[in-house]
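Here is a short briefing for a reader who is new to this structure. Look over the sequence and the model first, then read the points below.

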Amino acid sequence: MIEARQLTKTFRDRKRGEIRAVEGVSFRVEPGQIYGLLGANGAGKTTTLRLLATLLQPTRGGATVAGFDVVTQPAEVRARVGFLAASTALYARLTARETLAYFGRLNGMAEADIAARTRSLADDLGMHDFLDRRCDKFSTGMKQKTSIARTLIHDPPVMIFDEPTLGLDVMAARTIVQFVRECRARGKTVIYSTHIMSEVEKLCDVIGIIHDGRLLAEGSLASLRASYRENDLEEIFVQAVGGLAAPAGGNVNPP
Ligand SMILES: Nc1ncnc2c1ncn2[C@@H]1O[C@H](COP(=O)(O)OP(=O)(O)O)[C@@H](O)[C@H]1O
Ligand SMILES: [Mg+2]
(Lines give C-alpha, C1' and ligand atoms only; values in the text may rest on other atoms or scores of the structure.)
(Ligands and ions follow the chains in the order given, each with its own letter.)
Protein backbone atom coordinates (compact mmCIF):
# COMPACT_ATOMS: atom_id res chain seq x y z
CA MET A 1 0.00 0.00 0.00
CA ILE A 2 2.94 2.28 0.76
CA GLU A 3 6.30 1.43 -0.69
CA ALA A 4 9.30 3.75 -0.38
CA ARG A 5 12.33 2.87 -2.49
CA GLN A 6 15.62 4.56 -1.66
CA LEU A 7 13.75 7.74 -0.93
CA THR A 8 16.21 10.62 -0.75
CA LYS A 9 15.76 14.35 -0.18
CA THR A 10 18.54 16.88 -0.08
CA PHE A 11 17.90 20.49 0.82
CA ARG A 12 20.25 23.31 -0.03
CA ASP A 13 20.46 25.87 2.72
CA ARG A 14 22.43 29.09 2.40
CA LYS A 15 23.87 28.82 5.90
CA ARG A 16 24.06 25.07 6.45
CA GLY A 17 24.94 24.05 2.90
CA GLU A 18 23.69 20.69 1.66
CA ILE A 19 21.32 19.00 4.10
CA ARG A 20 20.66 15.31 3.60
CA ALA A 21 17.27 15.27 5.29
CA VAL A 22 16.35 11.78 3.99
CA GLU A 23 18.90 9.35 2.61
CA GLY A 24 18.05 6.08 0.85
CA VAL A 25 15.00 5.23 2.95
CA SER A 26 13.09 2.08 1.91
CA PHE A 27 10.15 0.44 3.63
CA ARG A 28 6.70 -1.04 3.04
CA VAL A 29 3.42 -0.62 4.86
CA GLU A 30 0.50 -2.97 4.25
CA PRO A 31 -3.23 -2.29 4.71
CA GLY A 32 -4.31 -2.87 8.31
CA GLN A 33 -0.83 -2.03 9.54
CA ILE A 34 0.54 0.86 11.55
CA TYR A 35 4.13 1.66 10.64
CA GLY A 36 5.86 3.78 13.28
CA LEU A 37 8.60 6.14 12.21
CA LEU A 38 10.53 6.73 15.42
CA GLY A 39 13.14 9.47 15.52
CA ALA A 40 14.39 12.52 17.38
CA ASN A 41 13.90 16.11 16.21
CA GLY A 42 15.58 16.63 12.85
CA ALA A 43 15.79 12.90 12.10
CA GLY A 44 13.91 13.24 8.81
CA LYS A 45 10.40 12.08 9.79
CA THR A 46 8.43 15.02 8.46
CA THR A 47 10.45 15.14 5.25
CA THR A 48 9.81 11.41 4.65
CA LEU A 49 6.09 11.86 5.23
CA ARG A 50 5.91 14.96 3.06
CA LEU A 51 7.59 13.02 0.24
CA LEU A 52 4.96 10.27 0.56
CA ALA A 53 2.16 12.85 0.56
CA THR A 54 3.65 14.51 -2.59
CA LEU A 55 4.18 17.79 -0.73
CA LEU A 56 7.88 17.49 -1.64
CA GLN A 57 9.68 16.00 -4.64
CA PRO A 58 12.38 13.39 -3.96
CA THR A 59 15.94 14.22 -4.98
CA ARG A 60 16.44 10.53 -5.74
CA GLY A 61 14.49 7.33 -5.31
CA GLY A 62 10.73 7.16 -5.20
CA ALA A 63 7.62 5.74 -3.66
CA THR A 64 4.23 4.36 -4.53
CA VAL A 65 1.17 5.03 -2.41
CA ALA A 66 -2.03 3.06 -3.00
CA GLY A 67 -0.46 1.86 -6.25
CA PHE A 68 0.33 5.32 -7.60
CA ASP A 69 3.72 6.91 -8.11
CA VAL A 70 4.41 9.98 -5.97
CA VAL A 71 6.43 11.66 -8.74
CA THR A 72 4.38 10.92 -11.84
CA GLN A 73 0.86 10.56 -10.33
CA PRO A 74 0.72 13.08 -7.47
CA ALA A 75 -3.00 13.90 -7.87
CA GLU A 76 -3.97 10.21 -7.62
CA VAL A 77 -1.78 9.84 -4.55
CA ARG A 78 -3.21 12.92 -2.83
CA ALA A 79 -6.78 11.74 -3.36
CA ARG A 80 -5.94 8.58 -1.39
CA VAL A 81 -3.94 10.10 1.44
CA GLY A 82 -4.99 11.88 4.61
CA PHE A 83 -2.06 13.85 6.02
CA LEU A 84 -2.17 15.15 9.55
CA ALA A 85 0.69 17.19 10.93
CA ALA A 86 1.02 18.72 14.37
CA SER A 87 0.86 22.10 12.68
CA THR A 88 -2.28 21.39 10.62
CA ALA A 89 -4.10 24.73 10.71
CA LEU A 90 -7.81 25.56 10.96
CA TYR A 91 -9.71 28.61 9.78
CA ALA A 92 -10.60 30.56 12.92
CA ARG A 93 -13.91 31.91 11.59
CA LEU A 94 -15.36 28.57 10.47
CA THR A 95 -17.19 26.15 12.74
CA ALA A 96 -16.01 22.55 12.89
CA ARG A 97 -18.91 21.49 10.67
CA GLU A 98 -18.14 24.23 8.13
CA THR A 99 -14.47 23.20 8.17
CA LEU A 100 -15.37 19.62 7.30
CA ALA A 101 -17.76 20.74 4.57
CA TYR A 102 -15.10 23.02 3.08
CA PHE A 103 -12.51 20.25 2.86
CA GLY A 104 -15.13 17.77 1.67
CA ARG A 105 -15.96 20.07 -1.25
CA LEU A 106 -12.25 20.53 -1.98
CA ASN A 107 -12.11 16.76 -2.32
CA GLY A 108 -15.07 16.77 -4.71
CA MET A 109 -17.57 15.17 -2.32
CA ALA A 110 -21.36 15.51 -2.68
CA GLU A 111 -23.17 17.45 0.08
CA ALA A 112 -25.11 14.40 1.27
CA ASP A 113 -21.89 12.43 1.59
CA ILE A 114 -20.26 15.28 3.48
CA ALA A 115 -23.18 15.38 5.95
CA ALA A 116 -23.09 11.62 6.51
CA ARG A 117 -19.33 11.56 6.86
CA THR A 118 -19.41 14.50 9.28
CA ARG A 119 -21.86 12.58 11.50
CA SER A 120 -19.74 9.47 11.48
CA LEU A 121 -16.48 11.33 12.23
CA ALA A 122 -18.19 13.32 15.00
CA ASP A 123 -19.36 10.00 16.51
CA ASP A 124 -15.91 8.45 16.27
CA LEU A 125 -14.02 11.41 17.65
CA GLY A 126 -16.59 12.72 20.11
CA MET A 127 -17.16 16.06 18.40
CA HIS A 128 -20.91 16.56 18.68
CA ASP A 129 -20.64 19.08 21.55
CA PHE A 130 -18.64 21.57 19.53
CA LEU A 131 -19.52 20.81 15.92
CA ASP A 132 -21.29 24.15 15.47
CA ARG A 133 -18.86 26.32 17.38
CA ARG A 134 -16.13 28.44 15.80
CA CYS A 135 -12.66 26.95 15.71
CA ASP A 136 -11.01 30.02 17.29
CA LYS A 137 -12.81 29.23 20.56
CA PHE A 138 -11.58 25.64 20.70
CA SER A 139 -9.34 23.95 23.22
CA THR A 140 -6.23 22.22 21.88
CA GLY A 141 -8.02 18.86 21.99
CA MET A 142 -11.01 20.17 20.05
CA LYS A 143 -8.71 21.70 17.45
CA GLN A 144 -6.82 18.46 17.08
CA LYS A 145 -10.02 16.44 16.64
CA THR A 146 -11.29 18.90 14.04
CA SER A 147 -7.96 18.73 12.21
CA ILE A 148 -8.10 14.94 12.20
CA ALA A 149 -11.68 14.92 10.96
CA ARG A 150 -10.89 17.34 8.15
CA THR A 151 -7.91 15.21 7.12
CA LEU A 152 -10.14 12.14 6.92
CA ILE A 153 -13.29 13.68 5.43
CA HIS A 154 -12.76 11.91 2.07
CA ASP A 155 -12.15 8.60 3.84
CA PRO A 156 -8.71 7.95 2.35
CA PRO A 157 -7.26 4.42 2.47
CA VAL A 158 -3.85 5.74 3.52
CA MET A 159 -3.36 7.83 6.65
CA ILE A 160 -0.22 9.72 7.48
CA PHE A 161 0.10 11.06 11.03
CA ASP A 162 3.06 13.32 11.75
CA GLU A 163 3.49 13.60 15.54
CA PRO A 164 -0.27 14.07 15.99
CA THR A 165 -0.19 14.14 19.80
CA LEU A 166 2.46 16.87 20.05
CA GLY A 167 1.42 19.40 22.69
CA LEU A 168 -1.77 17.56 23.69
CA ASP A 169 -2.74 16.72 27.25
CA VAL A 170 -2.91 13.07 28.28
CA MET A 171 -6.62 12.57 27.62
CA ALA A 172 -6.57 14.28 24.22
CA ALA A 173 -3.51 12.25 23.23
CA ARG A 174 -5.27 9.03 24.24
CA THR A 175 -8.23 9.90 22.05
CA ILE A 176 -5.89 10.32 19.10
CA VAL A 177 -4.06 7.06 19.79
CA GLN A 178 -7.38 5.21 20.08
CA PHE A 179 -8.51 6.75 16.82
CA VAL A 180 -5.36 5.64 15.02
CA ARG A 181 -6.03 2.10 16.27
CA GLU A 182 -9.55 2.24 14.85
CA CYS A 183 -8.11 3.26 11.49
CA ARG A 184 -6.06 0.07 11.51
CA ALA A 185 -9.11 -1.98 12.51
CA ARG A 186 -10.85 -0.62 9.43
CA GLY A 187 -8.04 -1.80 7.21
CA LYS A 188 -6.37 1.55 6.57
CA THR A 189 -2.68 1.76 5.82
CA VAL A 190 -1.25 3.95 8.57
CA ILE A 191 2.11 5.59 9.00
CA TYR A 192 2.71 7.34 12.29
CA SER A 193 5.73 9.43 13.21
CA THR A 194 6.72 10.23 16.76
CA HIS A 195 9.64 10.63 19.12
CA ILE A 196 7.63 9.11 21.97
CA MET A 197 8.67 5.53 22.74
CA SER A 198 5.49 4.58 24.60
CA GLU A 199 3.27 5.57 21.67
CA VAL A 200 5.27 3.37 19.35
CA GLU A 201 5.11 0.48 21.81
CA LYS A 202 1.34 0.82 22.15
CA LEU A 203 0.48 1.42 18.52
CA CYS A 204 2.87 0.22 15.92
CA ASP A 205 3.04 -3.15 14.17
CA VAL A 206 6.36 -2.29 12.57
CA ILE A 207 8.86 0.23 13.89
CA GLY A 208 11.39 2.05 11.75
CA ILE A 209 14.11 3.88 13.67
CA ILE A 210 15.23 6.93 11.71
CA HIS A 211 18.25 9.07 12.51
CA ASP A 212 20.14 11.61 10.40
CA GLY A 213 17.87 10.81 7.47
CA ARG A 214 18.64 7.10 7.51
CA LEU A 215 16.52 4.15 8.52
CA LEU A 216 18.83 2.37 10.97
CA ALA A 217 16.65 -0.45 12.28
CA GLU A 218 13.29 -1.90 11.44
CA GLY A 219 10.98 -4.60 12.71
CA SER A 220 8.19 -5.42 15.11
CA LEU A 221 8.80 -4.58 18.76
CA ALA A 222 9.28 -8.30 19.41
CA SER A 223 11.81 -8.74 16.62
CA LEU A 224 13.75 -5.61 17.63
CA ARG A 225 13.83 -6.89 21.21
CA ALA A 226 15.12 -10.24 20.02
CA SER A 227 17.81 -8.90 17.72
CA TYR A 228 19.09 -6.31 20.21
CA ARG A 229 18.67 -8.69 23.18
CA GLU A 230 17.07 -5.82 25.01
CA ASN A 231 13.56 -5.29 26.27
CA ASP A 232 13.47 -1.54 26.62
CA LEU A 233 12.67 0.30 23.38
CA GLU A 234 14.51 3.42 24.52
CA GLU A 235 17.64 1.32 25.03
CA ILE A 236 17.15 -0.27 21.59
CA PHE A 237 16.74 3.18 20.07
CA VAL A 238 19.94 4.47 21.67
CA GLN A 239 21.86 1.43 20.49
CA ALA A 240 20.43 1.69 16.97
CA VAL A 241 21.45 5.33 16.60
CA GLY A 242 24.82 4.57 18.17
CA GLY A 243 24.53 7.49 20.54
CA LEU A 244 25.89 5.94 23.71
CA ALA A 245 28.41 3.26 24.41
CA ALA A 246 27.02 0.02 25.72
CA PRO A 247 27.95 -0.98 29.27
CA ALA A 248 31.18 -2.93 29.65
CA GLY A 249 30.81 -6.25 27.93
CA GLY A 250 27.64 -5.01 26.29
CA ASN A 251 26.72 -5.76 22.75
CA VAL A 252 26.51 -2.56 20.73
CA ASN A 253 25.71 -4.13 17.40
CA PRO A 254 22.76 -6.45 16.98
CA PRO A 255 23.84 -10.01 16.15
N1 LIG B 1 12.64 23.06 3.74
C2 LIG B 1 13.81 22.76 4.32
N3 LIG B 1 14.94 23.43 4.00
C4 LIG B 1 16.12 23.13 4.58
N5 LIG B 1 16.27 22.15 5.49
C6 LIG B 1 15.19 21.46 5.86
C7 LIG B 1 13.90 21.72 5.31
N8 LIG B 1 13.01 20.86 5.86
C9 LIG B 1 13.70 20.10 6.73
N10 LIG B 1 15.02 20.47 6.73
C11 LIG B 1 16.09 19.82 7.52
O12 LIG B 1 16.05 18.43 7.26
C13 LIG B 1 16.33 17.70 8.44
C14 LIG B 1 15.16 16.76 8.75
O15 LIG B 1 14.04 17.54 9.13
P16 LIG B 1 12.61 16.93 9.43
O17 LIG B 1 12.24 16.01 8.33
O18 LIG B 1 11.68 18.07 9.70
O19 LIG B 1 12.87 16.08 10.75
P20 LIG B 1 11.84 15.59 11.89
O21 LIG B 1 10.45 15.72 11.36
O22 LIG B 1 12.24 14.19 12.17
O23 LIG B 1 12.08 16.48 13.07
C24 LIG B 1 16.60 18.73 9.52
O25 LIG B 1 17.99 18.95 9.57
C26 LIG B 1 15.88 19.95 9.01
O27 LIG B 1 16.45 21.13 9.53
MG1 LIG C 1 8.78 16.67 12.16
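**A sheet and a ligand site**

V65 has F68 of β5 as its bridge partner. The model is predicted.

**The β4–β5 hairpin**

- β4 and β5 run antiparallel and are joined by two bridges.
- The hairpin of β4 and β5 has two residues between the strands.
- A66 takes a positive phi in this hairpin, near 55°.

**The whole sheet**

- The sheet is open and has four strands.
- Their order is β2-β1-β4-β5, and the pairing is antiparallel.
- β2 and β5 (68–69) are the edge strands, and each pairs on one side only.
- β1 covers residues 2–13, and β4 covers residues 60–65.
- These two strands, β1 and β4, pair in the antiparallel sense over five bridges.
- R5 has its bridge partner in β4, namely G62.
- In a regular strand, side chains alternate between the two faces of the sheet.

**Where ligand 1 sits**

- Which pocket holds ligand 1? Ligand 1 sits in the second largest pocket.
- Two elements each give two or more residues to the shell around ligand 1: β2 (17–29) and α1 (45–52).
- α1 gives the most to this shell, with three residues.

**The shell around ligand 1**

- The residues around ligand 1 include F11, R16, I19 and A21.
- Also among them is the run A40, N41, G42, A43, G44, K45, T46 and T47.
- By class, the shell has five nonpolar, five polar and two charged residues.

**Polar contacts and burial**

- Taken alone, ligand 1 exposes 560 Å², and the protein buries 68% of that.

Methods: Residues are numbered from 1 along each chain as its sequence is written. Chains are lettered from A and ligands numbered from 1 in the order in which they are written. This is a predicted model: local features need pLDDT of at least 70, side-chain atom pairs count only at pLDDT 80 or more; totals for chains, interfaces and linings use all residues. Side-chain values use heavy atoms; hydrogens and water are left out. A residue is near a molecule or strand if one of its heavy atoms lies within 4 Å of it. Accessible areas come from the Shrake-Rupley method with a 1.4 Å probe; for residues, only the protein chains shown count as cover. On a 1 Å grid over the protein atoms alone, a cavity is a set of points where a 1.4 Å probe fits but cannot get out, and a pocket is an open set with protein on both sides within 12 Å along at least five of seven lines; lining residues have an atom within 4 Å of a point. A molecule sits in a cavity or pocket if more than half of its atoms lie within 2 Å of its grid points. Ala, Val, Leu, Ile, Met, Phe, Trp, Tyr, Cys and Pro count as nonpolar, Asp, Glu, Lys and Arg as charged, and the others, Gly among them, as polar. Two strands pair if DSSP finds at least two bridges between them.
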